[in-house]
Amino acid sequence: MESLLAASSSLPAAAFSPPSSLSSTSSSPHALRSAVAGAARAVRCSAAKDSILYALEHDEMFNSAEVIQWESGKSINSIAAAQGIRIRRRCRPRYPSEGSGADKAVPRNMLEQIIWDKEVEVSQRKAKKPLQKVIESSQHAPPARDFVGALTAAYSRNVAPALIAEVKKASPSRGVLREDFNPVEIAQSYEKNGAACLSILTDEKHFQGSFENLETVRNSGVKCPLLCKEFVIDIWQIYYARSKGADAILLIAAVLPDLDIKYMLRICKNLGMTALIEVHDERELDRVLKIDGVQLIGINNRSLETFKVDTSNTKTLLEKRGDLIRDKGILVVGESGLFTPDDVAYVQNAGVSAILVGESLVKQENPGQAIAGLYGKDLLH
Ligand SMILES: O=C(O)c1ccccc1NCC(=O)[C@H](O)[C@H](O)COP(=O)(O)O
């Protein structure tokens with residue numbers, strides 16, 4: 001039922017009682033269900049109704065063990081912890097003006113800090129543009145492009161992992177990567193030099209990215225499908241990303257409980273978007289492999305908690321689960337820490353079909369031309 005919690009916290013506060021919609025403590029499934037259904041009925045836009053009611057109409061999403069957890073009155077943090085998720089949610093402020101509230105807890109690592117900041121950011125953004133408005137905007141966006149199709153075609157064309165090239169100005173682990181940062185120029189130069197897809201950082205506080213960058217790149221004539229590289233904790237962000245032209249969105253298993261991933265995947269499917277589900281360890285990978293409808297898994301070589309980068313992570317996880325992944329027809333993206341043709345060959349031999357690369361390209365004077373250096377050859381496009 002976390003998925004319903006995600007849905008309920010994405011609905012206009014006026015539609016139902018604020019404490020259950022904004023606190024991190026779960027209601028019973030029945031209460032939550034009727035709150036969400038009531039809120040969905042209050043939404044005038046039919047697409048909003050459709051997507052919210054979708055979860056309610058598809059009971060197969062909710063297995064009995066998950067329901068029992070909710071019936072026990074556990075908080076979202078304890079449900080997440082039971083799934084091995086170490087990243088805690090902070091109690092969300094009830095209203096944006098309340099700031100971060102009375103909770104004096106200290107984040108345990110950078111990812112947790114990012115998520116706590118994201119909770120505040122999303123609640124402020126939602127106060128300015130409620131869910132039904134953002135859904136309406138998403139319906140006016142041009143249709144989503146085929147992210148997986150672009151990766152598959154590029155892989156066959158080049159007999160090398162397809163490139164998702166990242167448009168990233170800064171990161172918590174590396175600081176500012178590029179002072180002279182023009183997202184459109186970088187995106188166009190990546191596309192011209194054979195990138196299959198692009199990843200656009202939209203987090204402002206920690207990566208100096210923006211949704212404006214995403215929208216500007218989308219409107220610049222770039223044809224590559226675009227991944228919105230965000231820290232998604234709420235379905236509102238998915239609709240918002242779509243409204244700004246995203247074709248795919250990142251979902252991080254270290255942050256999202258299983259039911260959130262299931263529910264968000266369904267929303268992506270309804271919007272024609274691809275979800276890149278990111279894992280870092282075996283436990284996260286096993287959780288994701290139990291979820292139906294997953295097309296794309298990213299194995300991050302970087303721990304988002306410690307920032308340690310180890311490319312052998314991709315190999316180790318694929319040695320353990322590669323057969324199952326292949327049987328399920330899931331494509332794997334090797335993420336982070338790739339700098340040389342040897343690095344690319346290493347993850348290709350491990351079994352990836354695509355790679356996600358930021359730093360090693362964006363730091364070069366000409367990021368597009370740096371692609372040939374990364375692969376040791378020009379990419380066809
Ligand atoms: O890169 C960071 O410092 C970071 C910190 C906390 C959360 C996420 C972070 N990065 C996201 C990524 O993993 C990378 O942007 C992406 O995989 C590309 O990595 P790289 O080629 O090493 O820039």
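1. Lys169 is found in the loop between β1 (162–167) and β2 (170–171), where helices (H or I, at least four residues) and strands (E, at least two) are DSSP runs numbered from the N terminus. With a relative accessible area of 18%, Lys169 is buried; buried means under 20% relative accessible area, exposed means over 50%, and partly exposed covers what lies in between, with a 1.4 Å probe and protein chains only. Although Lys169 and Ser199 are 30 residues apart in sequence, their C-alpha atoms are 12 Å apart in space.

2. A word on the basis of these remarks. The structure is a predicted model, in which local features need pLDDT of at least 70 and side-chain atom pairs count only at pLDDT 80 or more, while totals for chains, interfaces and linings use all residues. Residues are numbered from 1 along each chain as its sequence is written, and side-chain values use heavy atoms, with hydrogens and water left out.

3. The ligand is surrounded by 20 residues, and the closest of these are Glu166, Lys168, Ser173, Ser336 and Gly358; a residue counts as near the ligand if one of its heavy atoms lies within 4 Å of it. The space that the ligand takes up is the largest cavity, a cavity being a set of points, on a 1 Å grid over the protein atoms alone, where a 1.4 Å probe fits but cannot get out. A molecule is taken to sit in such a cavity if more than half of its atoms lie within 2 Å of the grid points.

4. A polar side-chain atom of Ser336 lies 2.7 Å from a ligand oxygen, and a polar side-chain atom of Arg302 lies 3.0 Å from a ligand oxygen. On its own the ligand has 520 Å² of accessible area, and the protein covers 98% of it, with areas taken from the Shrake-Rupley method with a 1.4 Å probe.

5. Ser336 also deserves a look for its backbone. The residue lies in the loop between β9 (331–335) and α16 (341–350) and is buried, with a relative accessible area of 12%. Its phi is positive, at about 80°, although Ser336 is not a glycine. Gln208, in the loop between β4 (197–201) and α11 (211–218), is another residue other than glycine with a positive phi, near 55°, but Gln208 counts as partly exposed at 38% relative accessibility. Most residues other than glycine have a negative phi.

6. How many aromatic pairs does a search of the whole structure find? There are three, where rings of Phe, Tyr and Trp (its six-membered ring) pair if their centres lie within 6.5 Å, and planes under 30 degrees apart count as stacked, over 60 as edge-to-face and the rest as tilted. The ring centres of Trp236 and Tyr240 are 4.7 Å apart and their planes stand at 20°, so this pair is stacked. Trp236 and Tyr240 are four residues apart in helix α12 (residues 235–243), which puts about one helical turn between them. Both Trp236 and Tyr240 are buried, and together with Phe211 they form one aromatic cluster.

7. Two leucines in strands can be checked against the model. Leu227 is in strand β5 (residues 226–229) and counts as buried at 0% relative accessibility; its C-alpha atom is 8.5 Å from that of Leu201, 26 residues away in sequence. Leu356, in strand β10 (residues 354–357), is buried at 4%, and its C-alpha atom is separated by 9.7 Å from that of Ile299, 57 residues apart along the chain.

8. Two serines complete the note. Ser123 lies in helix α7 (residues 110–128) and is buried, with a relative accessible area of 15%, while its side chain reaches the backbone oxygen of Val120 at 3.1 Å. Ser303 lies in the loop between β8 (296–300) and α15 (312–327) and is buried at 12%; the C-alpha atoms of Ser303 and Val279, 24 residues apart along the chain, are separated by 9.6 Å.

How values were computed: Polar contact = N/O pair within 3.5 Å; in protein donor to acceptor, adjacent residues only side chain to side chain. 1 Å grid on protein atoms, 1.4 Å probe; cavity = no way out; pocket = protein on both sides within 12 Å on 5 of 7 lines; lining within 4 Å.
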